[in-house]
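Hello,

Here is the structure I said I would pass on. Please have a look at it first; my notes follow below.

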Amino acid sequence: MTGSNSMSSGYCSLDEEGEDFTFFTAKSTFFRQPPKLVKQKEVEEDRGPKALSEEELRARIEDYNSMVSENGMKLGADGLYTGFIKVHLRLSRPVTMLTMEWTGLDGQAERQGRPMTVSEGQEGAGAGFSEKRTSFYLPSDCVKQIHISSTTTVREVIQGLLKKFMVQDNPRKFALYRQTHRDGQDLFQKLPLVECPLALRLVVGPDPELLSFVLKENETGEVDWHAFSVPELQNFLVILEKEEAERVRLVEQRFAVYRQSLQKALQEDQP
């Protein structure tokens, strides 16, 4: 649990509106054993990774905690430290989730939760629950606070968030970005999968203007359609058909206005 001081059992927990929810557990330890010196990543352009002694690390954590009113970082006896980071979810495409559907004896299905746009599953012979895959959009710019350790990687943060929301999509379809607000603009930089977000937060400090974490689609320049499931591809086709119909309607409407204007001009020019 997040309220425990132990850092030997693996977990990644989520904190929302003052409550802690454990959403990532692993059979093996999630907080890996640290080396003798904990390596932190400095973000200054003229400085590289720096090895911090236990005293230097403790001083930096105390300095960080002095700048926050709650959810500070804690240094353990094993040299690992834990703390909180906030992740903004900004996904522009639908995700696939598992939902439960009750099938009665008459074969009529009653869905539990949201209506499904596209679903797939196995039909049972009798009454009972069956798993269904549902594709829909997550709320825009949803913010989740997660409790991690200094050795938790970007890969593990992404996997933990997807597990929390029961998202079935391939984690490779998502990426964690570093957002920096500078000169009135938001700059985004994709973080490597082996980067440790909490170490980066400790170096930069708690100011969200200097560092925010954003989960977005992994923009590689090319779409790997084989990474999508059949319901997802079908849902994309439905969305494209709706967008195409709307574009056609707007074009037809615009040309209808032009046609009426030309016809009116011709009628006015006739003697």
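Glu 54 and Arg 58 sit four residues apart in helix H1, so about one helical turn separates them. The two form a salt bridge, with the closest N and O atoms 3.2 Å apart. Glu 54 has 46% relative accessibility, so it counts as partly exposed. Arg 58 is also partly exposed, at 38%. Bear in mind throughout that this is a predicted model.

How many salt bridges does the structure hold? The count is three. The other two are described next.

Arg 249 pairs with Glu 246, and their closest N and O atoms are 2.7 Å apart. Both residues belong to helix H4, which covers residues 230-269. They are three residues apart there, about one turn of the helix. Arg 249 has a relative accessible area of 41%, which means it is partly exposed. For Glu 246 the value is 36%, and that residue is partly exposed as well.

The remaining bridge links Asp 169 and Lys 173, again with 2.7 Å between the closest N and O atoms. Are these two residues buried or exposed? Both are buried. Lys 173 has 12% relative accessibility; the cut-off for buried is under 20%, so Lys 173 falls below it. The side chains of Lys 173 and Asp 169 are also joined by a polar contact of 2.7 Å.

Where is Lys 173 found? It lies in the loop between helix H2 (154-164) and strand S11 (174-182). Leaving aside residues up to four places away in sequence, Lys 173 touches Lys 216, Glu 217, Asn 218, Ala 227, Phe 228 and Glu 232.

Now the helix packing. Helix H1 (residues 54-65) meets helix H3 (residues 197-204). Their axes come within 9 Å and cross at roughly 70 degrees. Angles of 65 to 115 degrees count as roughly perpendicular, so H1 is roughly perpendicular to H3. On the H1 side, the contact is made by Leu 57, Arg 60, Ile 61 and Tyr 64. On the H3 side, Arg 201, Leu 202 and Val 203 take part. By type, the contact residues divide into five nonpolar, two charged and no polar.

How many of the residues of H3 are buried? Eight of the eight are, so the helix is largely enclosed by the rest of the structure. They are Pro 197, Leu 198, Ala 199, Leu 200, Arg 201, Leu 202, Val 203 and Val 204. Just after H3 comes Gly 205, with a positive phi of about 105 degrees.

Finally, the overall picture. The protein has four helices and 13 strands. It has 271 residues, and 38% of them count as buried. Take the contacts with a separation of 6 or more: residues 24 or more positions apart account for 65% of them.

Best wishes

Definitions and conventions:
Residues numbered from 1 in each chain as written. Predicted model: local features only at pLDDT ≥ 70, side-chain atom pairs only at ≥ 80, totals over all residues. Heavy atoms only, no water. Axes fitted to C-alpha atoms, helices over the stretch in contact; angles between N-to-C directions. Helix = DSSP H or I, 4+ residues; strand = E, 2+ residues; numbered from the N terminus. Parallel < 35°, antiparallel > 145°, perpendicular 65-115°, else oblique. Contact = heavy atoms within 4.5 Å. Nonpolar A, V, L, I, M, F, W, Y, C, P; charged D, E, K, R; others polar. Salt bridge = Lys/Arg side-chain N within 4 Å of Asp/Glu carboxyl O. Buried < 20%, exposed > 50% of the residue type's maximum accessible area, 1.4 Å probe, protein only. Polar contact = N/O pair within 3.5 Å; in protein donor to acceptor, adjacent residues only side chain to side chain.
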